[in-house]
Amino acid sequence: MHHLNKLDTKMALLEVKDLKVRVEEREILHGLTLTVNEGEIHAIMGPNGSGKSTLSHVIAGKPGYEVTDGQILFKGEDLLEMEPNERAAKGVFLAFQYPVEIPGVATMNFLRTALNAQRKARGEDEYSTPDFLKKVREVSKSLNIPQDMLKRGVNVGFSGGEKKRNEVLQMALFEPSLCILDEMDSGLDIDALRIAADGVNALRSPKRSMVVITHYQRLLNYIVPDVVHVMSKGRVVKSGGKELALELEASGYAQFEDAA
Amino acid sequence: MPAVQETVERVKRIDVDQYRYGFETLIESDKAPKGLSEETVKFISQKKNEPDWMLQWRLEAYRRWLTMTEPTWARVDYPKIDFQDLYYYAAPKPKKTVTSLDEIDPEILKTYEKLGIPLREVAMLEGVEPKVGEEDPAKRKIAVDAVFDSVSVATTFKAELKKAGVIFMPISEAIREHPELVQKYLGSVVPTSDNFYATLNSAVFSDGSFVYVPPGVRCPMELSTYFRINERNTGQFERTLIIADKGSYVSYLEGCTAPQRDENQLHAAVVELVAHDDAEIKYSTVQNWYPGNSEGKGGIYNFVTKRGDCRGNHSKISWTQVETGSAITWKYPSCILRGDNSRGEFYSIAISNGFQQVDSGTKMIHLGKNTSSRIISKGIAAGKSQNTYRGLVTAHRKATGARNFTACDSLLIGDKCGAHTVPYIEAKNSSATFEHEATTSKISEDVLFYCIQRGLSQEEAVGLVVNGFVKDVLQQLPMEFAVEAQKLISISLEGSVG
């Protein structure tokens with residue numbers, strides 16, 4: 001608990017309070033509470049069906065979920081009152097477990113449309129073409145993304161690793177204050193995982209928080225969290241430091257099934 | 001105009017003999033009597049000062065039309081049209097004069113803004129005229145510039161075309177000034193007996209364009225530019241004839257991305273294209289007629305016959321269409337590949353929303369040797385609309401080495417619309433190679449959410465995904481137009497989701 005107390009002195013970026021969520025009459029989250037402070041990396045671990053992805057979707061505002069109780073505050077504002085695109089403009093970024101393909105829409109065009117939409121929503125000037133190209137080149141170079149990939153349709157024909165790198169590219173470009181990484185390691189071999197994780201680590205900053213959702217401890221060897229939460233049956237059942245992940249790796253999730 | 005109405009009523013009451021006498025006075029009126037008869041056809045012909053051969057041609061079509069019945073095979077549904085309850089000729093009414101942009105419906109201005117059409121052009125398209133003694137000099141300047149520009153631009157174009165020897169004029173003028181060309185080609189691609197609506201058009205066509213490009217001439221400009229600025233008023237039965245002589249090239253753009261309203265519900269146009277040896281015609285259409293209201297009331301019936309004849313060897317005809325408007329669309333721009341090694345292309349984007357019904361596609365008729373054709377059709381159905389692709393590809397017994405590639409993709413937005421694909425393929429010789437690919441997909445919630453999570457609004461997301469879907473076809477449009485068409489597509493789909 002000493003560890004958590006120390007963090008309380010920081011500014012809270014995301015506060016999830018007693019959140020209850022239903023999908024088609026079935027309650028998935030039964031009063032979940034979670035606070036992520038500025039600059040922290042939180043890992044959320046748990047077995048399949050514990051509600052990890054539901055949490056990420058509700059924070060991002062995906063349709064199909066009914067919040068029956070509780071609150072989500074982001075920078076002190078009521079996130080649940082905002083449209084998903086407003087949340088994006090405010091700095092919420094969800095890196096998808098399975099990024100979708102959008103045929104015929106060049107990645108470059110997509111990036112620019114999205115970035116300018118966010119800037120416009122914040123009342124900022126849209127990027128000019130040369131400024132935008134310069135920025136994309138810088139970022140993609142640091143992530144080892146070839147220019148050719150940016151000309152292809154969004155994620156069309158991309159390998160699993162390329163798709164995840166494209167997510168990291170967007171994260172770098174949009175400069176969100178909260179990044180939620182949903183099962184980033186799924187479908188990646190160890191080399192691809194390392195490249196993607198390096199990209200994420202490069203984005204660590206005292207002004208940016210991350211919520212890393214994962215089933216396995218493996219990812220946390222590459223993206224080392226400040227706090228680890230264990231979810232089971234729609235609640236956070238245990239929180240601790242990074243050593244909690246290792247503990248879980250050794251003993252499994254079974255011990256928490258009863259606790260929930 | 002009550003006086004005119006009175007005349008019309010009076011004419012209705014008198015019998016045919018008296019009607020002939022009454023003709024003199026009637027010609028002063030600007031509307032033909034309601035209904036269709038030989039007299040109506042004569043009235044139209046006389047109004048346009050046509051030579052006798054043209055009148056006879058129309059009358060023959062009219063008599064033929066009487067023996068025909070409306071086609072019912074298309075997948076469209078509408079109340080029976082009473083052809084005797086329509087007017088077949090109305091003199092072009094001068095547009096209501098407005099003196100500044102302030103007088104134009106803000107909704108219309110909003111659409112122009114979304115399309116990115118500069119205000120100066122809006123003033124032209126909406127017919128803003130300068131008012132004498134206008135107090136606000138800024139407002140006045142727009143209007144004056146608009147008129148000045150449209151006159152000067154049109155004149156420059158005319159001079160340039162004349163220098164190249166290209167004939168480009170209303171078909172009513174061409175009938176009088178170039179009768180030998182019109183007589184030779186009119187009805188040679190779409191014969192007067194072709195189909196119910198084409199025959200009707202032949203009898204009563206109002207006006208349209210005539211283009212003749214002499215041998216070896218590459219038309220110095222897209223004939224589109226002209227139309228973007230000059231408002232046409234050709235009425236409901238448009239007739240267009242384009243001839244590209246040996247080794248010539250012309251690109252023609254019909255229509256406008258700006259919203260178009262018309263009081264006439266029935267539109268039955270005919271377009272004929274003739275390409276001689278080594279000639280190429282590129283014909284692009286953007287159709288944005290009034291589609292009806294949100295309950296499906298009103299809207300234009302667009303029953304069009306468009307056909308190109310690749311008459312010469314190595315000739316090429318390419319159709320590109322972006323169809324977003326009309327309540328009902330019945331339209332199959334086709335190519336007759338008569339010349340050896342000739343090529344036909346059809347690129348189509350057909351979008352239906354609300355209660356719109358689209359039955360559109362193409363016919364590629366391979367007659368010559370080593371002819372090839374390509375069909376790329378993108379149908380997008382939203383709201384409660386029905387969208388059908390209907391295509392025919394045939395190879396004649398002698399059309400050895402004929403090749404066709406067809407890709408026909410449909411995209412559904414929402415769960416109350418329908419997309420249908422009806423391909424007819426007929427090869428009468430064993431050397432023909434026909435390929436047909438078809439897909440139907442739904443715009444997925446996951447794709448939309450992905451875009452929205454990145455900051456796009458719901459509508460921006462739909463627009464982006466749809467524009468990606470139609471990209472192959474958009475690329476075929478003339479450059480300046482592709483951008484507008486892209487925006488038009490997004491606008492047409494507004495309110496289609498959620």
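User: How much space lies in the second largest cavity?

Analyst: This is a predicted model, in which local features need pLDDT of at least 70, side-chain atom pairs count only at pLDDT 80 or more, and totals for chains, interfaces and linings use all residues. Residues are numbered from 1 along each chain as its sequence is written, chains are lettered from A and ligands numbered from 1 in the order in which they are written, and side-chain values use heavy atoms, with hydrogens and water left out. On a 1 Å grid over the protein atoms alone, a cavity is a set of points where a 1.4 Å probe fits but cannot get out, a pocket is an open set with protein on both sides within 12 Å along at least five of seven lines, and lining residues have an atom within 4 Å of a point. Grid points are joined across faces, edges and corners, and a volume is the space filled by probe spheres set on the points. Here the second largest cavity holds about 100 Å³, and the whole structure has 3 cavities of 30 Å³ or more.

User: Which residues lie nearest the centre of the second largest cavity?

Analyst: They are Ser377(B), Gly379(B), Asn387(B), Thr388(B) and Tyr389(B), out of 16 lining residues. Strands are DSSP runs of E, at least two residues, and helices are runs of H or I, at least four, numbered from the N terminus. Among the strands of chain B that each supply at least two lining residues are E14 (372-381) and E15 (386-395).

User: How much space lies in the second largest pocket?

Analyst: The second largest pocket has about 1,400 Å³. Of its 35 lining residues, the closest to the centre are Asn109(A), Thr113(A), Leu464(B), Asn467(B) and Gln486(B). H4(A) gives the largest share of this lining, 8 residues.

User: How many helices and strands are there in chain A?

Analyst: Chain A has 11 helices and 12 strands. The radius of gyration is taken over C-alpha atoms, and the globule rule is 2.2 Å times the number of residues to the power 0.38. For chain A the radius is 18 Å, close to the 18 Å that the rule gives for 260 residues, so chain A is as compact as a globular protein of that length.

User: What pLDDT does chain B average?

Analyst: pLDDT is the predictor's confidence in each residue, from 0 to 100. Chain B averages 80, and 75% of the residues score at least 70. Over residues 1-29 of chain B, pLDDT stays under 50. The model as a whole scores ipTM 0.94 and pTM 0.78.

How values were computed
Contact means heavy atoms within 4.5 Å.
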